[in-house]
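Colleague: I've got a model to go through with you. Can we take a look together?

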Amino acid sequence: MVGKVLLLAAAGAGYVLGARAGRERYEQISSSVSRLWGNPKVQSRVVDLEDKAGDLARQAGAAAQEKVGAAAGSVASTVKDKVSGSGSNGASAGDAPLGDQHHTRMPTD
């Protein structure tokens, strides 16, 4: 439904902007759109759609917050395991001295 309304609005805007009938035709179209937009049935539908969009946004926000929280917990657990030396491969972060770690050198001028 929203897609149809958007398509209709875009088509109307394109017609108004592209119409060569002049100012009089523009005024006719503009007043028709104003009457349509002011129609109580249209305004009732707009309010319903705004409420639905708000509900969907809240649901999406809650789902995203839950996923981010879970991912953060997983990352924190992984980092804690690596730091404490109980990584999954049996090697701990303290096995190699700092000097033996691989470093990428940047070219100098």
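Predicted model: local features only at pLDDT ≥ 70, side-chain atom pairs only at ≥ 80, totals over all residues.

Colleague: Is R58 buried or exposed?
Modeller: The cut-off for exposed is over 50% relative accessible area. R58 has 56% relative accessibility, so R58 counts as exposed.

Colleague: Which residue forms a salt bridge with R58?
Modeller: Side chains of opposite charge can pair when their charged atoms come close. The rule asks for a nitrogen of Lys or Arg within 4 Å of a carboxyl oxygen of Asp or Glu, and the count comes to one salt bridge. With the closest N and O atoms 2.6 Å apart, the partner of R58 is D55.

Colleague: Which helix gives the largest share of the lining of the largest pocket?
Modeller: The chain has three helices and zero strands, and helix 1 (2-18), helix 2 (23-38) and helix 3 (40-84) each supply at least two lining residues. The pocket is lined by 15 residues, with V5, L8, A9, L36 and W37 nearest its centre. The largest share, six residues, comes from helix 1.

Colleague: How many residues of that lining are nonpolar?
Modeller: The largest pocket has a volume of about 480 Å³. Its lining includes one polar and one charged residue, and the nonpolar count is 13.

How values were computed:
Residues numbered from 1 in each chain as written. Heavy atoms only, no water. 1 Å grid on protein atoms, 1.4 Å probe; cavity = no way out; pocket = protein on both sides within 12 Å on 5 of 7 lines; lining within 4 Å. Points joined across faces, edges and corners; volume = space filled by probe spheres on them. Helix = DSSP H or I, 4+ residues; strand = E, 2+ residues; numbered from the N terminus. Nonpolar A, V, L, I, M, F, W, Y, C, P; charged D, E, K, R; others polar. Salt bridge = Lys/Arg side-chain N within 4 Å of Asp/Glu carboxyl O. Buried < 20%, exposed > 50% of the residue type's maximum accessible area, 1.4 Å probe, protein only.
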